[in-house]
Amino acid sequence: MTSTFVGMPAFPEAARTALGDSQLRANLAHATSTIRAKRARVVGEVDDWEQLRLAGAAVKDDVLLHLDEHLVRLEEALTANGAVVHWARDAEEACAVVAEVARSHGVDEVVKVKSMATAEIELNEHLEALGIAAWETDLAELIVQLGEDLPSHILVPAIHRNRAEIRQIFTDRMAAAGRPAPDDLTDEPARLAEAARLHLREKFLRAKVGVSGANFAVADSGTLVVVESEGNGRMCLTLPEVLVSVVGIEKVLPTWSDLEVFLQLLPRSSTGERMNPYTSTWAGVQPGDGPQEVHVVLLDNGRTRALADEVGRQALRCIRCSACLNVCPVYERTGGHSYGSVYPGPIGAILNPLLRGVGTDEQTDSLPYASSLCGACYEVCPVRIDIPSVLVDLRAQVVDAPRGGIPKPEAVALQAAAAAFSSAARMSLAEKVSGFAGRLLGWQLGRRGRTSLRRIPGPGAGWTDARDAPLPAAESFRSWWKRTGGRDA
Amino acid sequence: MRDGVSARDDILRDVRRAVGEARRPVDVPRDYRRERVVEAATVDLFAERVADYRAEVVRCSLDEVEARIAAALPPHAQVVVPDGLPWAVPGAVPDDRLTPAHLDGLDGVVTGATVGIAETGTIVLSHGPGEGRRAITLVPDLHVCVVRADQVVAGVPDAIRLLDPTRPTTWISGPSATSDIELDRVEGVHGPRTLLVILAG
């Protein structure tokens with residue numbers, strides 16, 4: 001099961017904390033606006049972008065509606081290529097496979113390519129408990145790991161850290177993990193990247209076991225694909241003797257030629273480049289070239305649950321580009337940590353409840369509300385996931401989720417509203433009460449220099465968890481019209 | 001095995017149950033650009049887009065390749081070369097199953113390529129003769145890559161069609177780079193920090 005970051009509060013509370021951190025907000029605003037502009041520029045130069053999006057969405061829908069057939073074909077092709085295929089129902093089973101492979105080779109460390117699936121199953125923590133160090137080799141993941149921190153963005157997980165903080169983390173923590181940072185390390189990005197290069201190179205050169213995810217898994221040829229920038233992926237996929245790849249079951253593509261769509265959609269949507277620096281493809285074991293023992297773990301961990309959701313299953317089209325994060329006004333202000341998961345932003349707001357199920361914990365149930373439903377995420381999504389519609393549907397599921405037979409406050413409030421709106425006399429009475437409350441509260445808050453109610457008590461408290469409530473108007477429209485006839489408008 | 005049922009059987013059963021009645025054929029619209037003609041401008045675009053990634057691009061005729069390779073290498077450089085490379089390289093060290101540590105001690109690598117993609121400025125290696133196994137173009141800090149003009153195609157679909165999915169492939173678009181620190185692009189993290197492309201013909 002995908003788990004919430006330990007002890008993470010529900011979204012509104014976490015967001016309130018994040019909003020108070022002005023450094024974080026500045027870093028996020030800079031990051032998201034920079035990537036947005038880069039993406040817009042490179043997407044704008046592709047004149048068949050919409051056709052590619054339609055094709056991408058259709059390929060993924062075809063995969064999802066015949067997922068069993070594609071998985072069986074993928075397994076056959078991988079096995080024919082000399083790979084060992086494992087199936088994992090949940091995080092625990094997937095971690096156990098990786099641990100067993102590491103143990104069978106007697107190693108106490110593995111090198112890792114950045115992978116959302118392995119972050120989702122908390123592989124590093126699992127291996128650490130067994131005395132196996134899992135070294136993250138992506139620069140941002142290294143920053144997060146050395147800083148004992150949490151990732152805050154799918155593409156650039158350390159985006160909440162600035163260069164001075166990164167220098168400090170390297171200086172303080174690199175020595176305990178291997179080669180120390182140079183004594184004269186500055187906070188110049190090129191120097192920091194050089195420090196990471198030197199620190200990690202000794203790990204790459206001695207590593208026996210590499211661990212990766214995969215962006216795509218081609219069923220007809222048994223080919224896995226990893227898309228990256230730094231070359232750490234190539235190091236982990238090429239130099240170790242043994243490679244284990246943890247792949248979500250929705251990553252399968254029917255044919256090699258389907259890559260022609262996704263290798264155009266992904267880099268432009270993700271880093272805003274025409275193409276990412278490095279893409280590696282491999283089909284099992286290649287004699288004399290790269291790892292001679294190759295394992296692939298096909299991971300469910302809630303994906304079949306998401307697949308059963310007729311509205312929500314489209315979330316499984318996701319190719320983890322993170323374009324939706326960068327355009328989201330909520331993400332831009334609250335950052336990734338507020339979502340309490342390795343999948344933040346708009347996609348996280350639907351994917352986490354779909355993978356975990358609604359009605360089990362408050363944090364997950366709060367996520368479908370972490371949105372203003374502005375729809376920017378749908379517009380940029382390269383595989384056309386209609387995130388706003390899924391959010392609305394999940395909100396309904398959260399409200400309907402059984403909680404010991406006690407109706408949710410929204411249901412009670414809407415029943416009361418129905419009663420008031422259906423009778424003029426009751427409506428008029430309600431307005432009088434509201435107007436009186438508005439005048440009274442306005443007078444009280446005015447003395448404290450405020451113009452809005454931050455939280456309202458009682459059954460409405462949940463509503464104001466995520467928003468400030470305006471003061472009730474001092475006078476209703478109908479009473480104002482009766483009094484003035486509209487003359488002082 | 002858990003409760004006597006394999007994870008494989010469980011997952012496949014859950015997939016079938018989840019899809020249920022929704023299973024239906026999906027038509028994939030393929031009206032994006034799939035095949036494009038290569039013109040003289042396509043090769044120019046390739047050169048321009050490779051250079052956009054801050055890779056160095058040198059254009060020459062096919063006869064000049066060896067001289068350009070020699071000029072691209074530092075004096076007395078030790079350079080790994082794959083089997084089947086059609087050009088002579090000064091300071092060549094044949095790839096006799098060199099270890100990663102040995103490769104790390106060399107100055108560079110010279111290879112050919114399988115295809116070049118103009119629209120994205122990408123070079124694709126498929127690691128056969130003249131290109132070598134994957135490690136040799138990864139560990140050394142300088143990669144000199146010779147691409148013949150007749151290997152350049154217009155777009156990604158044109159390249160996919162030419163590649164064999166059962167071969168390992170490496171798609172290279174500029175030198176190794178990261179933007180992980182405040183989104184400042186820095187060339188050269190783990191892959192070769194210098195990529196020099198000789199575009200011949």
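User: How many residue pairs are in polar contact across the interface of chain A and chain B?

Analyst: This is a predicted model, in which local features need pLDDT of at least 70, side-chain atom pairs count only at pLDDT 80 or more, and totals for chains, interfaces and linings use all residues. Residues are numbered from 1 along each chain as its sequence is written, and side-chain values use heavy atoms, without hydrogens and water. A polar contact is a pair of N or O atoms within 3.5 Å; within protein, one must be able to donate a hydrogen and the other to accept it, and residues adjacent in sequence count only if both atoms are side-chain atoms. With both residues at pLDDT 80 or more, the number of pairs across the interface of chain A and chain B is 37.

User: Which helix of chain A gives the most residues to the side that touches chain B?

Analyst: The helix, a DSSP run of H or I with at least four residues, numbered from the N terminus, spans residues 189-206 and gives 11 residues to that side. The helix is α10 of chain A.

User: Which residue of chain B forms a salt bridge with Asp258(A)?

Analyst: A salt bridge puts a side-chain nitrogen of Lys or Arg within 4 Å of a carboxyl oxygen of Asp or Glu. Between chain A and chain B there are 15 salt bridges. In one of them, at 2.6 Å from N to O, the partner of Asp258(A) is Arg30(B).

User: How many of the 12 residues of α16(A) are buried?

Analyst: Buried means under 20% relative accessible area (1.4 Å probe, protein chains only). Among the buried residues are Gly345(A) and Arg356(A). Helix α16(A) is largely enclosed by the rest of the structure, because the number of its residues that are buried is 12 of 12.

Technical notes:
Chains are lettered from A and ligands numbered from 1 in the order in which they are written. Buried means under 20% relative accessible area, exposed over 50%, partly exposed in between (1.4 Å probe, protein chains only). Helices (H or I, at least four residues) and strands (E, at least two) are DSSP runs, numbered from the N terminus.
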